[in-house]
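Hello,

Please find the structure below, with the sequence beside it. My notes on what was found follow.

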Amino acid sequence: MKSTHSFLFAILFMISGCSTVPLTGRRQLSLVSDSKIFSLSNESYTTYMKDAKRSTNFTQSRMVEQCGKKIQQAVENYFKAQGTPRFLKGYQWEFVLVHNKTPNAFCLPGGKVVVYDGILPYTITEAGLAVVLGHEIAHAVAKHSNERISHQMLVEAGGSVLGQLLESESSPKNLLISSIYGLGANFAVMLPFSRKQEYEADKLGLIFMAMAGYNPEEAADFWKRMSQNGSKSIPEFLSTHPADQKRIASIESILPDIMNTYYKK
């Protein structure tokens, strides 16, 4: 009887804890409040920036901030036009360039965006940078971190202790910073799910950069440059990111619609 109650409890939370990703309309699991996720995110950002080395290149730092704010404004204008500005409640946007030779960038839940200057040789132009910022901002707006945490809670804990996890202050924090999963669950659930998020962030990122006035056709060229950066590729089924050629093909397939619908010359 107890296991039955636990199962029903889990199903109830899965049903009541669903939300919809903007623009794509995909239903997603969301079991943790934005306020909790944002609080943990801001804490992580503060800790990270204590050790990070801010770039001293004024021109590059200014470009990152200006490009980020243009996309931020485009996103905010979109939700205002849809009559749902509260969707972005609690977001505290910040765009910072740090000195790190790794070609990477990330956006924490709530809008803290960090760009490594090691990615700038691949972005080359501000439009190329918009590809990166649009993609990372898309992860935040689509609330992918919340979705990942919610799925991890179910995968790692199961319905019997889901209620305890949801009420715990430490569980979401531990899940936010943890990347250790059971091998079977990792291959069967978490990695394919992450690739789905990546494709979704690609699409939303193209839309957001187009709304901000950047040419989304820059995206395919950027990813082609990234695919030639000399790093060894790993098989897609072992990666949380799509294989380069699949990602580029996906972007090229959706570009015509985005150009016609969102890009204003």
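**The strands**

Strand β5 is mostly covered, with five of its five residues buried. Please keep in mind that this is a predicted model. The cover is on both faces of β5: K112, V114 and Y116 are buried on one side, and V113 and V115 are buried on the other.

β5 belongs to an open sheet of three strands, in the order β3-β5-β4, and the pairing in that sheet is mixed. The edges are taken by β3 (94–98) and β4 (105–108); each has a single partner strand, so one side of each is left without a neighbour in the sheet. From one strand to the next, the twist averages 15°.

β3 and β5 pair in the parallel sense, over five bridges. Here E94 stands opposite K112 in β5.

Which strands does α5 lie across? Helix α5 lies across β3, β4 and β5, and runs at about 30° to β4.

α5 (residues 126–141) also meets helix α10 (residues 218–227): their axes come within 9 Å and cross at roughly 85°. That angle makes α5 roughly perpendicular to α10. On the α5 side the residues are A127, V131 and V132, and they meet E218, A219, F222 and W223 in α10. By class, the residues of this contact are six nonpolar, no polar and one charged.

**Helices α10 and α11**

α10 has another packing partner in helix α11 (residues 244–261). The axes of α10 and α11 are 9 Å apart, and the angle between them is about 175°. The two helices, α10 and α11, are therefore roughly antiparallel to each other. From α10, the residues A219, A220, W223, K224 and S227 take part; from α11, they meet D244, Q245, R247, I248, I251 and E252. The contact of α10 with α11 divides into five nonpolar, two polar and four charged residues.

**The nonpolar cores**

How many residues does the largest nonpolar core have? The largest nonpolar core has 52 residues, and those with the most contacts inside it are I71, V75, V115, I137, V141, F208 and F222. α5 gives the most to this core, with 10 residues. A second, separate core has seven residues, including Y45, V96, V98 and V114.

V115 is among the residues with the most contacts inside the largest core, whereas V114 is in the second, separate core.

Leaving aside its neighbours within four places in sequence, F222 is in contact with I119, Y122, T123, V131 and V132.

E76 is in helix α3 (residues 58–81). Not counting residues up to four places away in sequence, E76 touches L88 and W93. E76 and F87 are 11 residues apart in sequence, and their C-alpha to C-alpha distance in space is 9.3 Å.

**The chain as a whole**

The chain has 11 helices and five strands. Of its 265 residues, 45% are buried. Among contacts with a separation of 6 or more, 72% are between residues 24 or more positions apart.

Regards

Technical notes: Residues are numbered from 1 along each chain as its sequence is written. This is a predicted model: local features need pLDDT of at least 70, side-chain atom pairs count only at pLDDT 80 or more; totals for chains, interfaces and linings use all residues. Side-chain values use heavy atoms; hydrogens and water are left out. Axes are lines fitted to C-alpha atoms, for helices over the stretch in contact, and angles run from 0 to 180 degrees between N-to-C directions. Helices (H or I, at least four residues) and strands (E, at least two) are DSSP runs, numbered from the N terminus. Angles under 35 degrees count as roughly parallel, over 145 as roughly antiparallel, 65 to 115 as roughly perpendicular and the rest as oblique. Contact means heavy atoms within 4.5 Å. Ala, Val, Leu, Ile, Met, Phe, Trp, Tyr, Cys and Pro count as nonpolar, Asp, Glu, Lys and Arg as charged, and the others, Gly among them, as polar. A nonpolar core is a set of buried Ala, Val, Leu, Ile, Met, Phe, Trp, Tyr and Cys residues joined through side-chain atoms within 4.5 Å. Buried means under 20% relative accessible area, exposed over 50%, partly exposed in between (1.4 Å probe, protein chains only). Two strands pair if DSSP finds at least two bridges between them.
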